[in-house]
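The sequence and structure come first.

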Amino acid sequence: MAFGLRDFVHGKKVLRRSLSGIKEAALKSTSIPKGYFAAYVGEDQKKRHVVPLSYLNEPRFQELLSMAEEEFGYDHPMGGLTIPCREDIFIDLTSQWKVL
């Protein structure tokens, strides 16, 4: 069974289209709006939250940052800031702040 050049070119186009779809989906899932950053929160299973930069001015959030620095240093393997806090506490805390 032999494959011709035409089959090879067609297969290459199909592969290129499927790879571009994967890249597009990855970009959509990882894109963060301007003025925000990704934070991973939770004890066992980390959940991704998109957080406004204005939260960095909040004293309680700065406490969370200090906790993150103590536990993880500056190595955050999830690709975003990892905060060692229960998710329900994080949501309760951040829901009290206004987004500027």
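Strand β1, residues 36–41, is largely enclosed by the rest of the structure, because five of its six residues are buried. The model is a predicted one.

β1 pairs with two strands. With strand β2 (residues 47–52) the pairing is antiparallel and runs over six bridges. With strand β3 (residues 81–83) β1 runs parallel, and three bridges join the two. V41 has a counterpart in each of these strands: K47 stands opposite V41 in β2, and I83 stands opposite V41 in β3.

β1 and β2 form a hairpin with five residues between the strands. In this hairpin G42 adopts a positive phi near 140 degrees.

## The chain as a whole

Three helices and three strands make up the secondary structure of the protein chain. Their order along the sequence is α-β-β-α-β-α. The chain has 100 residues, of which 24% count as buried. Its accessible surface is about 7,800 Å², and carbon and sulfur atoms contribute 57% of that area. Among contacts in the chain with a separation of 6 or more, 47% are between residues 24 or more positions apart.

## Salt bridges

Side chains of opposite charge can pair when their charged atoms come close.

| Salt bridge | Distance, N to O |
|---|---|
| K47 and E87 | 3.8 Å |
| D88 and R86 | 2.7 Å |

Which parts of the chain does the side-chain pair of K47 and E87 link? The side chains of K47 and E87 meet at 3.8 Å. This pair links distant parts of the chain, with K47 in strand β2 and E87 in helix α3 (residues 87–94), 40 residues apart. K47, then, is both the residue opposite V41 in β2 and a member of a salt bridge with E87.

Are the residues of these pairs buried or partly exposed? K47 has 46% relative accessibility and so counts as partly exposed.

Methods
Residues numbered from 1 in each chain as written. Predicted model: local features only at pLDDT ≥ 70, side-chain atom pairs only at ≥ 80, totals over all residues. Heavy atoms only, no water. Buried < 20%, exposed > 50% of the residue type's maximum accessible area, 1.4 Å probe, protein only. Helix = DSSP H or I, 4+ residues; strand = E, 2+ residues; numbered from the N terminus. Pairing = 2+ DSSP bridges. Contact = heavy atoms within 4.5 Å. Areas by Shrake-Rupley, 256 points an atom, 1.4 Å probe, with all protein chains shown as cover. Salt bridge = Lys/Arg side-chain N within 4 Å of Asp/Glu carboxyl O.
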